[in-house]
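Thanks, I'll keep this short.

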Amino acid sequence: MSEDLSIRVRNELYKRKMKHAELAKMLEISAPYLSDILNGKRTGPRAQEHVKHIRKILGIK
């Protein structure tokens, strides 16, 4: 995940007063795995599918 997108996700979570763990639960993944995606440590096809879902859930283009 690009740094810009990661910042946008974090900002959107803050605006919605939503925690990483809540988003992870919605995605049916662990909070540490979500953190790895947001920090660019996971970039494979499966992580990219989660990024698409994150964008959809948070309304990020």
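Start with α1 and α4: L5, V9, E12 and L13 in α1 meet V51, I54, R55 and L58 in α4, where contact means heavy atoms within 4.5 Å. By class, these residues are six nonpolar, no polar and two charged. Here Ala, Val, Leu, Ile, Met, Phe, Trp, Tyr, Cys and Pro count as nonpolar, Asp, Glu, Lys and Arg as charged, and the others, Gly among them, as polar.

A word on the source. This is a predicted model, with local features needing pLDDT of at least 70 and side-chain atom pairs counting only at pLDDT 80 or more, while totals for chains, interfaces and linings use all residues. Residues are numbered from 1 along each chain as its sequence is written, and side-chain values use heavy atoms, with hydrogens and water left out.

Helices are DSSP runs of H or I, at least four residues, numbered from the N terminus. The axes of α1 and α4, lines fitted to C-alpha atoms over the stretch in contact, with angles from 0 to 180 degrees between N-to-C directions, come within 11 Å and cross at roughly 40°. That makes α1 oblique to α4, oblique being whatever is left after under 35 degrees (roughly parallel), over 145 (roughly antiparallel) and 65 to 115 (roughly perpendicular).

Next, α3 and α4 pack at about 90°, axes 11 Å apart, so α3 is roughly perpendicular to α4. Y33, L34 and I37 in α3 meet R46, A47, H50, V51 and I54 in α4. That contact has six nonpolar, one polar and one charged residues.

Last, L58: beyond its neighbours within four places in sequence, L58 contacts V9, E12, L13, R16, M18 and L23.

Definitions and conventions: Helices (H or I, at least four residues) and strands (E, at least two) are DSSP runs, numbered from the N terminus.
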